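Colleague: I am new to this structure and would like to learn how to read it. Could we go through it one feature at a time?

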Amino acid sequence: KERIVDEFFKILSLKNLDNLFNNQDSCLILSAIFPQLKYYSRLKKQNVISKTVLSKIDSVLILSIMLIDNSDSTEFFLYKFKLSNKIKDRIHSLYKNYKKIKLKELLNEKQLIKFSYFYSTQEIIDLLIFFIFVEKKIDFKIVEKKIKFLESIQAPIFPIEADFLKSEFGFSQGRELGDALKKLEKYWIDNNFNIEKK
């Protein structure tokens with residue numbers, strides 16, 4: 001299985017990958033080996049998106065585009081084929097985020113700033129690009145703008161530390177301190193990452 005996946009990733013990095021899926025014989029062979037990869041037709045959108053976005057698409061993202069939907073086939077694929085933990089985590093993250101994050105949220109810059117706090121830039125860019133391939137009606141240029149916006153910002157950093165609460169308010173290490181930090185963090189996030197000392 002490791003050898004099959006290793007060879008497949010070499011195929012996914014080819015520039016003429018489209019030829020494999022345009023040819024009936026090779027398409028049947030790949031479908032027999034990887035029946036979970038049902039969505040190779042999505043890859044046709046590569047022909048209409050910009051070079052900037054194309055440069056961010058690698059073999060892991062191509063695999064994800066062909067694999068991920070709302071069913072359990074992604075989980076089964078990750079269980080069946082031995083991938084590195086790094087690749088597995090990236091695909092699994094994209095799978096989970098696709099199920100819970102809506103495209104309109106990703107196109108809202110305030111929401112993007114929030115997402116940048118909870119997720120890595122790579123995770124959000126993966127999801128934005130993934131939506132290009134799965135959504136029927138989508139403005140590629142807007143998505144590209146949001147990717148540029150995301151790359152231009154710094155993720156917010158929670159300004160309150162445990163030591164501050166200990167020294168200023170007499171908290172001691174324990175559950176009460178943890179709960180206080182969680183409440184303050186929630187307030188800070190809900191208040192567009194602003195919090196006053198008082």
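Colleague: How many residues apart in helix 13 are Lys 186 and Asp 190, and what does that spacing amount to?

Modeller: Keep in mind that this is a predicted model. Lys 186 and Asp 190 are four residues apart in helix 13 (residues 175-190), so they are separated by about one helical turn. The two form a salt bridge, with the closest N and O atoms 2.7 Å apart. Lys 186 is exposed, at 52% relative accessible area, while Asp 190 is partly exposed, at 47%.

Colleague: Which residues does helix 1 place about one helical turn apart?

Modeller: Lys 10 and Glu 7, which are three residues apart in helix 1 (residues 2-12). Their side chains meet in a salt bridge of 3.5 Å, N to O. Lys 10 is partly exposed, with 46% relative accessibility, and Glu 7 is partly exposed too, with 30%. Arg 3 and Asp 6 join Glu 7 and Lys 10 in a network of salt bridges.

Colleague: Is Glu 144 buried or exposed?

Modeller: The cut-off for buried is under 20% relative accessible area. Glu 144 has 15%, so it counts as buried. The side chain of Glu 144 meets that of Lys 148 in a salt bridge of 3.8 Å. These two residues lie four apart in helix 11 (residues 140-152). By the rule used here, the salt bridges number 10.

Colleague: Which residues have the most contacts inside the largest nonpolar core?

Modeller: Phe 77 and Leu 106, in a core of 51 residues. Helix 10 (residues 121-134) gives the most to this core, with 10 residues. A second, separate core has eight residues, among them Phe 158 and Phe 193. As for Leu 106, leaving aside neighbours within four places in sequence, its contacts include Ile 124, Leu 127, Leu 128 and Phe 131.

Colleague: What kind of aromatic pair do Phe 77 and Phe 81 form?

Modeller: The whole structure holds 15 aromatic pairs. The pair of Phe 77 and Phe 81 is tilted, with 4.9 Å centre to centre and 45° between the planes. Phe 77 is buried at 1% relative accessible area, and Phe 81 is buried at 3%. Elsewhere, ring pairs link Tyr 117, Phe 118, Phe 158, Trp 188 and Phe 193 into a cluster.

Note on methods: Residues numbered from 1 in each chain as written. Predicted model: local features only at pLDDT ≥ 70, side-chain atom pairs only at ≥ 80, totals over all residues. Heavy atoms only, no water. Phe/Tyr/Trp six-rings, centres within 6.5 Å; stacked < 30°, edge-to-face > 60°. Buried < 20%, exposed > 50% of the residue type's maximum accessible area, 1.4 Å probe, protein only. Core = buried A, V, L, I, M, F, W, Y, C linked by side-chain atoms within 4.5 Å. Contact = heavy atoms within 4.5 Å. Salt bridge = Lys/Arg side-chain N within 4 Å of Asp/Glu carboxyl O.
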